[in-house]
Amino acid sequence: MSMEFDVDYEYQDRCMYMAESHPSDEMLRDDRIPHIWCTGCGCGEIISTYIEAVKELDINPDKVAIVSGIGCIGRAAGYLKFDSFHTTHGRAIPFATGLKVARPELDVSVISGDGDLFAIGGNHIIHAARRNMDILVICSNNYTYGMTGGQFSPATPIDSFTTTTPYGNCERPFNLCDLLASAGAAYVARWTSIHVRRLQKSIKEALTKKGFRFIEVLTPCPTGFGRRNKMGTAIDTSKFYQDHGKIDHGADTRDVRLEDPLSDFSIGTFVDLDKETYLEAKERIFSREVKK
Amino acid sequence: MGKKPMKFIGRGLVDKGDKKSAVGKIYLIIERCKGCNLCIEFCPKDVLKESSVFNKKGYHPPELIEVPGEKMCVGCGYCSLICPEFAIYTEIEEDEKEAE
Ligand SMILES: Cc1ncc(C[n+]2csc(CCOP(=O)(O)OP(=O)(O)O)c2C)c(N)n1
Ligand code: SF4
Ligand code: SF4
Ligand code: SF4
């Protein structure tokens with residue numbers, strides 16, 4: 001009973017049952033919990049939904065590999081108890097690509113941020129989508145570089161305030177879902193950290209598919225972006241997501257641009273295609289070469 | 001104290017057609033809580049509230065809104081998924097289900 005604590009009896013009486021571990025701990029490096037993420041940060045929900053998805057699919061944890069880049073959400077690889085690799089900034093996708101090609105039996109997922117995947121790693125991700133590479137990419141889009149103090153990223157909405165855009169951002173953001181859909185992704189979805197059930201379902205769905213799968217998860221960053229853009233606490237941002245996220249499955253990704261962080265936005269599964277993946281193409285072409 | 005976690009049962013809301021509504025048992029790992037209040041705010045049954053106790057890090061973990069009360073946890077498991085800290089989870093209590 002290492003986690004013994006002093007709580008007054010009145011509280012214990014009125015409280016729920018005290019526990020020392022969580023059912024998710026079997027897939028967490030629980031010696032590293034509590035994690036470093038701020039109160040209310042949306043990174044935690046990505047981890048909890050991912051774990052639940054793996055559990056419900058009953059995937060052998062030894063066959064799951066997590067790759068992340070650098071950033072707050074980049075810590076995901078360090079907290080999940082699978083084979084995991086915390087790569088250098090922006091290089092999660094090439095690492096994951098190499099891993100999948102060398103070890104096709106693994107379920108390779110990249111969990112990383114908007115800055116890591118679309119700024120320094122921007123080139124890699126479009127090419128992975130173009131190749132329909134067999135990896136799942138979950139992007140925590142908090143509109144900012146959280147870890148380094150809240151600079152603007154290629155996903156920061158125009159006009160927003162960040163430490164590097166103190167007068168407002170003059171740049172337009174990428175429409176992440178459209179970028180990857182047009183590059184060739186097989187599966188593209190967007191959820192938020194409050195839509196945990198649907199997010200979990202989406203991760204489950206994506207884990208059972210092949211090819212390049214992308215799930216954008218809008219997450220509150222109350223410390224970095226939220227504070228500078230009058231988005232309030234994580235509760236306020238989550239309520240906003242709940243009220244303004246409109247489910248629109250199959251929407252044309254050109255119409256799902258996130259223009260303004262405070263207006264309605266589309267969520268759902270936008271693209272779900274069955275098309276030849278990189279590994280399938282490789283298989284087909286290499287076997288053809290051999291027959292000659 | 002020292003409660004060993006059992007199998008996680010929180011899956012989907014309790015079937016509305018079923019007259020017996022399940023009763024959830026809530027487990028809290030008090031020292032992991034960072035007081036974000038997401039579980040309190042988004043519990044569909046509003047069974048939680050912020051307590052006045054401090055944990056070691058100085059946050060107020062949640063507690064039941066009333067004991068015993070009308071408002072009962074149904075073990076839907078939403079708090080477990082939404083908690084960013086892996087600090088709370090629920091189980092459905094089978095015995096109480098029978099008792100109803
Ligand atoms: C080569 C290199 N350049 C810059 C950095 C500094 N850096 C660390 S994290 C980060 C941005 C991360 O932003 P994002 O991917 O959005 O993740 P978040 O922290 O918001 O979760 C940057 C620029 C670095 N670590 N390495
Ligand atoms: S800075 Fe933002 S993204 Fe990073 S842990 Fe804090 S809330 Fe999360
Ligand atoms: S399981 Fe959690 S969210 Fe669901 S009713 Fe019980 S306390 Fe509320
Ligand atoms: S969601 Fe988790 S961390 Fe937040 S208040 Fe509830 S138990 Fe604490």
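Where is A:D159 found in chain A? The loop between strand 7 (151-152) and helix 7 (176-183) of chain A holds A:D159. Helices here are DSSP runs of H or I with at least four residues, strands are runs of E with at least two, and both are numbered from the N terminus.

## Basis of the model

This is a predicted model, in which local features need pLDDT of at least 70, side-chain atom pairs count only at pLDDT 80 or more, and totals for chains, interfaces and linings use all residues. Residues are numbered from 1 along each chain as its sequence is written, chains are lettered from A and ligands numbered from 1 in the order in which they are written, and side-chain values use heavy atoms, with hydrogens and water left out.

## Backbone features

A:D159 has a phi near 80°, a positive value in a residue other than glycine. Its relative accessibility is 57%, so A:D159 counts as exposed. The classes are buried under 20% relative accessible area, exposed over 50%, and partly exposed in between, with a 1.4 Å probe and protein chains only.

B:N37 is not a glycine either, and its phi is positive at about 70°. B:N37 sits in the loop between strand 1 and helix 1 (38-42) of chain B. Chain A also has a cis peptide bond, between A:I33 and A:P34, with omega about 5°. A:P34 belongs to the loop between strand 1 (17-18) and helix 2 (43-57) of chain A.

## Chain B: fold and strand 4

Chain B contains three helices and four strands. Their order along the sequence is β-α-β-β-α-β-α. Of the 100 residues in chain B, 52% are buried. Among contacts in chain B (heavy atoms within 4.5 Å) with a separation of 6 or more, 64% link residues 24 or more positions apart. Chain B has an accessible surface of about 4,900 Å², and carbon and sulfur atoms contribute 53% of it. Accessible areas follow the Shrake-Rupley method with a 1.4 Å probe; for residues, only the protein chains shown count as cover.

Strand 4 of chain B spans residues 88-93, and six of its six residues are buried, so the strand is largely enclosed by the rest of the structure. In a regular strand, side chains alternate between the two faces of the sheet. Here both faces are covered: B:I88, B:T90 and B:I92 are buried on one side, and B:Y89, B:E91 and B:E93 on the other. Strand 1 (residues 23-28) of chain B runs antiparallel to strand 4, joined by six bridges. Strands pair if DSSP finds at least two bridges between them. B:V23 stands opposite B:E93.

## Ligand 1

A shell of 16 residues surrounds ligand 1, and the closest are A:C72, A:D114, A:G115, A:D116 and A:G146. A residue is near a molecule if one of its heavy atoms lies within 4 Å of it. The shell divides into six nonpolar, eight polar and two charged residues. Ala, Val, Leu, Ile, Met, Phe, Trp, Tyr, Cys and Pro count as nonpolar, Asp, Glu, Lys and Arg as charged, and the others, Gly among them, as polar.

Oxygen atoms of ligand 1 lie 2.7 Å from a backbone N or O atom of A:D116, 2.9 Å from one of A:G115 and 3.2 Å from a polar backbone atom of A:I73. The protein covers 73% of the 590 Å² of accessible area that ligand 1 has on its own. Helix 5 (114-120) and strand 6 (144-145) of chain A each give two or more residues to the shell. Helix 5 gives the most, with four residues.

## Ligand 3

Ligand 3 is surrounded by 13 residues, the closest being B:C43, B:C73, B:C76, B:G77 and B:C79. This shell has nine nonpolar residues, three polar and one charged.

Key. A polar contact is a pair of N or O atoms within 3.5 Å; within protein, one must be able to donate a hydrogen and the other to accept it, and residues adjacent in sequence count only if both atoms are side-chain atoms.
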